[in-house]
Amino acid sequence: MAVNAQGASAAVPDPLGLAGRAGSAEPIQLLTPEGERVEHPDYPLDISAEEIRALYRDLVLVRRIDFEAIALQRQGELGIWASLLGQEAAQVGSGRALGPRDMAFPTYREHGVAWCRGLDPMKLFELFRGVSHGGWDPRAHNFHLYTIVIGSQTLHATGYAMGIQRDGAVGEDGEAAIAYFGDGATSQGDVNEAFIWASVTNAPVVFFCQNNQWAISEPLERQSRVPLYQRAYGFGFPGLRVDGNDVLACLAVTRKAMQAAREGQGPTLIEAFTYRMGAHTTTDDPTRYRLAAELEAWKLKDPIERVKAHLIRSELAEKDFFEAVDAEADQLGARVRRSCLEMPDPEPTAMFENVYAEPNALIDAEREQFAAYLDSFVTEEAGMTGEAGR
Amino acid sequence: MTTLTLSRALNEGLRKAMESDPKVLIMGEDVGKLGGVFRVTDGLQKDFGEARVVDTPLAESGIVGTAIGLALRGYRPVCEIQFDGFVYPAFDQIVSQLAKMRLRSLGTVSLPVVIRIPCGGGIGAVEHHSESPEALFAHTPGLRVVACGDPADAYVMIQQSIRSDDPVIFFEPKRRYWDKAEVDTAGGLASAVPLDRARTLTSGTDVTVLAYGPMVRTCAQAAVAAAEEGRSLEVIDLRSLAPLDTGAIFASVRRTGRCVVVHEAAITGGLGAEIAARVTEECFYHLQAPVLRVCGYSTPYPPSRIEEHYLPDLDRVLDGVDRTFAY
């Protein structure tokens with residue numbers, strides 16, 4: 001079976017006429033790994049030098065946050081970290097395609113999207129340090145909480161999009177939701193249910209799959225025998241594959257899909273073809289299951305180097321620009337290190353807070369018992385030393 | 001006062017909630033034109049439209065997961081799970097997402113989602129249509145779990161559940177759907193018993209009998225039968241299973257000195273175990289006998305031709321009461 005940019009082969013039934021929209025196995029690309037700007041007929045991108053420089057800055061700063069987080073985990077300051085190394089372009093490109101009223105539903109690796117939505121990186125550190133399970137207000141940045149159970153958030157995004165429909169916020173000046181997930185998640189029932197719901201309700205939601213080739217140790221062939229973007233085809237909406245290491249292409253395809261969703265054209269599945277350069281998390285050891293040669297090949301497609309090469313070869317940025325971005329990254333790195341070390345633990349009684357919205361006699365009683373138990377130690381100590389309690 | 005079946009009382013309660021708050025939605029399998037397999041949502045789609053009474057695709061995780069998304073957008077979805085045994089595909093969405101989102105967001109997110117589950121046996125159904133999974137949800141912090149036992153409570157409690165800013169698992173005793181009783185549909189919620197309170201059905205002095213959902217009627221009948229034998233049963237309809245109204249339970253047991261917990265769900269790890277532990281801890285010096293449980297057995301729900309032997313009935317409740325006097 002061959003489905004390509006020209007359409008489906010004659011053997012493939014196409015009752016919905018999606019073949020032409022089903023995309024190509026060759027990822028959509030606007031910037032080659034060598035930094036050469038190329039055009040795509042369906043995705044013209046009118047972008048200024050300033051905007052490209054801003055994307056470069058995003059990419060560098062996001063990578064720095066990631067770098068510092070891994071170091072902090074190694075020093076015992078974070079419990080765990082899920083690195084986005086290699087996926088910066090997919091996240092920054094798609095993240096910068098969102099409007100302020102669009103709503104993003106991330107997994108636990110979307111640090112680049114969080115950055116684009118304006119969330120303080122320290123909120124992410126709180127989660128990975130074990131200070132909270134998230135702890136930000138999703139409405140403050142239209143960025144939902146990190147979801148750790150794989151794929152569950154795709155249904156939340158779809159339901160949210162159904163709410164957009166009921167609010168009459170589809171059409172000109174409309175809103176849309178975007179659900180982030182990985183290649184492993186495409187095997188989850190929830191993701192497939194989200195595809196069905198979004199399709200039959202024509203919900204304004206974009207499914208953004210970062211295919212980083214690995215679900216911890218399991219390669220893509222454990223999840224799918226067809227290219228992931230083609231899954232959309234069976235559900236009745238368009239799917240496409242984009243070079244996930246190309247920030248310009250990710251920006252262009254996400255913009256177009258989000259706009260289509262906002263205007264009432266329904267969902268799109270975007271498969272951002274990328275690579276998880278690091279471990280699944282800091283507890284993982286990828287040398288047990290994948291070859292170094294694969295990593296080396298992907299290094300040549302680095303999402304940041306190609307933007308830098310483009311800025312230099314097209315003379316869109318001077319040396320002092322790159323130096324300024326590096327200096328800003330150093331400052332950001334220092335800030336997140338310092339803030340992480342200064343981050344206080346929550347009070348032990350914090351576990352009793354925010355369990356219920358309404359008064360709950362059981363929780364209240366347990367909080368009281370626990371507080372009394374804690375106080376009993378203080379009293380004993382105070383008794384021994386003759387000092388007043390804390 | 002109007003005479004309504006329990007099913008109709010729920011229908012009227014849902015209607016009232018939808019009339020008073022345009023954000024209330026109903027979603028589930030066959031809830032639209034068909035009105036639900038038990039007709040609880042009968043006529044609501046016709047009156048409120050397809051955007052508010054949503055026939056969903058046939059996938060329970062999808063129903064609850066999209067309801068969470070709608071709640072994040074400001075809606076108050078009421079999900080119908082068609083039968084108790086079909087709720088398990090939605091378990092992650094209920095237990096890991098719905099129940100925990102408030103804590104995860106440090107209180108910035110409320111998910112006022114109600115999940116209605118017809119529960120219990122006694123209707124001669126095939127497998128997966130007669131289960132009582134309430135303990136699984138009562139064990140899950142972040143959820144409120146309630147069970148209605150009669151039409152009047154059904155009418156009030158469904159409205160209270162929809163108004164709650166916490167997620168509520170709402171159990172409906174399916175074999176009582178056709179029970180009729182007087183329901184005050186004119187009265188407001190202000191004077192109603194709060195959602196987290198138990199209700200004393202019959203006052204008594206000898207034994208406290210705790211029941212909920214389908215066992216409420218059985219235990220009320222047991223009280224009448226016991227009275228003929230000179231025993232005075234205090235039957236309490238728990239109504240709220242999470243949180244439990246322990247104040248009402250303890251006050252009664254301290255007076256009677258005996259306690260029997262009755263539920264259809266399997267005895268092992270059930271609500272009765274939780275209640276027995278708490279009563280023992282808090283009423284130890286008042287107890288004349290150990291807290292006894294009259295429940296379903298620790299087996300999968302049996303085929304319907306023998307379900308009457310699995311389900312606690314009048315005689316088994318009375319037998320349980322008798323046994324507390326053996327001490």
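This is a predicted model: local features need pLDDT of at least 70, side-chain atom pairs count only at pLDDT 80 or more; totals for chains, interfaces and linings use all residues.
Local features are given where pLDDT is at least 70 and side-chain atom pairs where pLDDT is 80 or more, while totals for chains, interfaces and linings use all residues. Residues are numbered from 1 along each chain as its sequence is written, and chains are lettered from A in the order in which they are written.

**Exercise 1. Describe the elements, extent and burial of chain A.**

Begin with the elements, where helices (H or I, at least four residues) and strands (E, at least two) are DSSP runs numbered from the N terminus. Chain A has 13 helices and nine strands.

Next, take the extent: along the principal axes, the C-alpha trace of chain A spans about 90 × 50 × 45 Å. The radius of gyration is taken over C-alpha atoms, and the globule rule is 2.2 Å times the number of residues to the power 0.38. For 390 residues a compact globule would have a radius near 21 Å, and the 23 Å of chain A agrees with this.

Then turn to burial, in which a residue counts as buried if 20 or more other C-beta atoms, placed from the backbone, lie within 10 Å of its own, as exposed if 12 or fewer do, and as partly exposed in between. By this rule 46% of the 390 residues in chain A are buried.

Finally, consider contacts, which join two residues whose C-beta atoms, placed from the backbone, lie within 7 Å. Of the contacts in chain A between residues at least 6 apart in sequence, 74% join residues at least 24 apart.

**Exercise 2. Find what chain A gives to the contact with chain B.**

On the side of chain A, the elements that give two or more residues are helix 6 (152-166), helix 7 (189-201) and helix 13 (361-385). Helix 6 of chain A gives the most, with eleven residues. By kind, the residues on this side of chain A are 16 nonpolar, twelve polar and six charged.

**Exercise 3. Describe chain B and the contact between its domains.**

Chain B has twelve helices and 14 strands. Its radius of gyration is 19 Å, close to the 20 Å that the globule rule gives for 327 residues, so chain B is as compact as a globular protein of that length. Buried residues make up 58% of the 327 residues in chain B.

Chain B is divided into domain 1 (2-183) and domain 2 (199-324), and 26 Å separate the centres of these domains of chain B, taken over C-alpha atoms. In the contact, 26 residues of domain 1 of chain B meet 21 residues of domain 2 of chain B. Strand 6 of chain B gives the largest share of the domain 1 side, four residues.

**Exercise 4. Locate a cis peptide bond and a positive phi.**

As background, most residues other than glycine have a negative phi, and most peptide bonds are trans.

The peptide bond from B:Ala242 to B:Pro243 is cis, with omega near 0 degrees, and B:Pro243 is found in the loop between strand 12 (240-242) and helix 9 (246-256) of chain B.

A:Ile216, although not a glycine, has a positive phi of about 50 degrees, and lies in the loop between strand 6 (214-215) and strand 7 (218-219) of chain A. With 13 other C-beta atoms within 10 Å, A:Ile216 is partly exposed.

Methods. Ala, Val, Leu, Ile, Met, Phe, Trp, Tyr, Cys and Pro count as nonpolar, Asp, Glu, Lys and Arg as charged, and the others, Gly among them, as polar. Domain bounds come from an automatic or database domain assignment.
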